[in-house]
Amino acid sequence: QNASTMGAVNSSSIGKYSNDFELIVRAGKNLEEVLERDFGAPDGKDKGLHDKISDARTEDGQPLPEDLVKTMRKLVTIRNKLVHEHDFNKIPERADFVKDYDHVIDTLAKMKGKSTGGGCCVS
């Protein structure tokens, strides 16, 4: 699949990357940066993304919402399989992965009161 077969993919979406490996690495790096920068997850390479999701906190010190954590863990599990498993070479249900990733990033941005620049609506 490419961006034109996945429906409307805005230019800030990771869906613009046609190579699954590039898409997955960029998605992981972006998610890691947001969790570290905006939600207090530990930076550096000592902890993986699953740990960073567990350690991330809202401004009032609460864990991130359970449904959001579940979606992030699903994305990170797919990332880990693609990067580490020899026979896992493409993102299953790629359009769903992109949709879930964009939802996670948009939700995290709203939680911090930031715009991702990818929205379609006027505020």
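This is a predicted model: local features need pLDDT of at least 70, side-chain atom pairs count only at pLDDT 80 or more; totals for chains, interfaces and linings use all residues.
Q: Why is phenylalanine 97 called buried?
A: Buried means under 20% relative accessible area. Phenylalanine 97 comes in at 4%, so it counts as buried.

Q: What is phenylalanine 97 in contact with, leaving aside its neighbours within four places in sequence?
A: Contact here means heavy atoms within 4.5 Å. With those neighbours left out, the list for phenylalanine 97 is Ile14, Leu23, Ile24, Ala27, Leu75, Ile78 and Ile91. Take leucine 75 from that list: leucine 75 and phenylalanine 97 are 22 residues apart in sequence, yet their C-alpha atoms are 6.9 Å apart in space.

Q: How do you know that the span of helix 4 agrees with its number of residues?
A: The expected span is 1.5 Å times one less than the number of residues. For the 18 residues of helix 4 that gives 26 Å, and the end C-alpha atoms are 26 Å apart, so the two agree.

Q: Which residues of helix 4 are buried, and what puts them on the same side?
A: The buried ones are Arg94, Phe97, Val98, Asp100, Tyr101, Val104, Ile105, Leu108 and Ala109. They cover an arc of only 165° around the axis, so they sit on the same side of helix 4. That buried set packs against helix 1 and helix 3. Over on the other side, Lys99 and Lys110 are exposed.

Q: What makes glutamate 93 exposed rather than buried?
A: Exposed means over 50% relative accessible area. Glutamate 93 has 60%, so exposed it is. You'll find glutamate 93 in the loop between helix 3 and helix 4.

Q: Which residues line the largest cavity, and which elements give two or more of them?
A: The lining is Ile24, Ala27, Gly28, Leu31, Leu49, Leu75, Val76, Arg79, Phe97 and Tyr101. Helix 1, helix 3 and helix 4 each give two or more residues, with the largest share, 4 residues, coming from helix 1. By class, that makes 8 nonpolar, 1 polar and 1 charged. The space inside is about 60 Å³.

Terms used. Residues are numbered from 1 along each chain as its sequence is written. Side-chain values use heavy atoms; hydrogens and water are left out. On a 1 Å grid over the protein atoms alone, a cavity is a set of points where a 1.4 Å probe fits but cannot get out, and a pocket is an open set with protein on both sides within 12 Å along at least five of seven lines; lining residues have an atom within 4 Å of a point. Grid points are joined across faces, edges and corners, and a volume is the space filled by probe spheres set on the points. Ala, Val, Leu, Ile, Met, Phe, Trp, Tyr, Cys and Pro count as nonpolar, Asp, Glu, Lys and Arg as charged, and the others, Gly among them, as polar. Buried means under 20% relative accessible area, exposed over 50%, partly exposed in between (1.4 Å probe, protein chains only). The arc is that of the directions from the helix axis to the C-beta atoms.
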